[in-house]
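Please open the model in your viewer and keep the selection panel at hand.

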Amino acid sequence: MRGVGKYGLLCLSLFFLNSFMPVVQAATLDPTNVVAMDSQKIIIASAVQMRTEPQVTANVLTRLKLGTVVRATKRTKTEELIGGLRSYWYWVSLNNTQGWVFGNFLRDFDPTDRETIWLRLAHERTVNNSLSFSDYTDNYGFISSILPQVKNRLKATELQFNRLISLQHSLEKVPLDQAKNQPYKGWLAERNKEIFYDEISRRWLVPQKSFWLLADSVPATGLGDEIAHYAMDAPLGGECEGDIACGLRLVLDTDGQYLKRYPQGRYVKSVLTAMSSTLAGIQDDVRQQPNYFRDDKDSGGVLQETMRLVKSTKPIERDKVLAQLQSLLTAYRKFH
């Protein structure tokens, strides 16, 4: 899958810090050695521990969810190095609970810019391919919780996009032999209307249609282009297994659907290059099965529609693709 590519190393470091008992590489801090402050912070990892003292050996008071906003009223005067990460400890409060949180799990939160901060956090978690099943489900939950408060249409759509990708990532983390066990069983049951199980690949998938619908909600935009490109590569399930008609239909339903929406889009050149590679394989199959189209009455229409979409683009690469499609259409017309 061609997927999206953005951020990762920091989130991975935070994951390990939050999951394992790290080695403290500084002397135990005096909790009275603090600096007064007053600011809001947002939790940027899953199940972040709030402790009774500013040290990793202190008792855990509670675990804070991703996206939780807390108030920080003091911090340690000196930073501490823990698990390769250096930061202050912050004294934070949430409702009636107060305690210490290591600073690498916190980020400044400005309520007047909350939508931008939410989107950045959701995006960072979405595109980090090294997170765990629970991390992705937490990100899905975080995005779901804030969406009703987002007023900007494009930001809301981008958050929905990140939520769909997080859902797909969570499904990829479900071990086949444990799907009937918790927490996987419950998650799959809760999301059953948003996903499907593909018997051939033996995995759960987010329907490609969900991405197309989201792309179409913001037409003729850079975001719509980005989502459409992702949708084009989203796994469909099933397998053509060398069937020519299936392969041609697949080209139309993926690359063709992108070109239909964004004939002058950002990814047209790479889409046409990929399409040409796929068509070259189909041409080889036709040469090995010269009578294939004799009993195929549908591929003619598929080829003509694909050609129409390719003609709407401008890059030089389209001439090669059009020639490939025309050769296949000629082979088809020998029998129809």
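Helices (H or I, at least four residues) are DSSP runs numbered from the N terminus, and axes are lines fitted to C-alpha atoms, for helices over the stretch in contact, with angles running from 0 to 180 degrees between N-to-C directions. The model is predicted: local features need pLDDT of at least 70, side-chain atom pairs count only at pLDDT 80 or more, and totals for chains, interfaces and linings use all residues. Residues are numbered from 1 along each chain as its sequence is written, and side-chain values use heavy atoms, leaving out hydrogens and water.

First, select residues 244-261 and 299-311. These are helices α8 and α10, whose axes come within 10 Å and cross at roughly 25 degrees. The helices are therefore roughly parallel (angles under 35 degrees). Residues meeting across this pair include Leu248, Leu252 and Leu259 in α8, and Val302, Leu303 and Leu309 in α10 (contact means heavy atoms within 4.5 Å).

Next, select residues 222-233, helix α7. Its end C-alpha atoms lie 17 Å apart, in agreement with the 16 Å that its 12 residues should span at 1.5 Å a residue (the expected span is 1.5 Å times one less than the number of residues). Of these 12 residues, 11 are buried (under 20% relative accessible area, 1.4 Å probe, protein chains only). The cover over the buried residues of α7 includes α4, α6, α8 and α9.

Finally, select threonine 313, in the loop between α10 and α11. Threonine 313 is buried, with a relative accessible area of 0%. Beyond its neighbours within four places in sequence, threonine 313 contacts Leu259, Pro263, Gln264, Val268, Leu272 and Arg318.

Terms used: Helix = DSSP H or I, 4+ residues; strand = E, 2+ residues; numbered from the N terminus. Parallel < 35°, antiparallel > 145°, perpendicular 65-115°, else oblique. Buried < 20%, exposed > 50% of the residue type's maximum accessible area, 1.4 Å probe, protein only.
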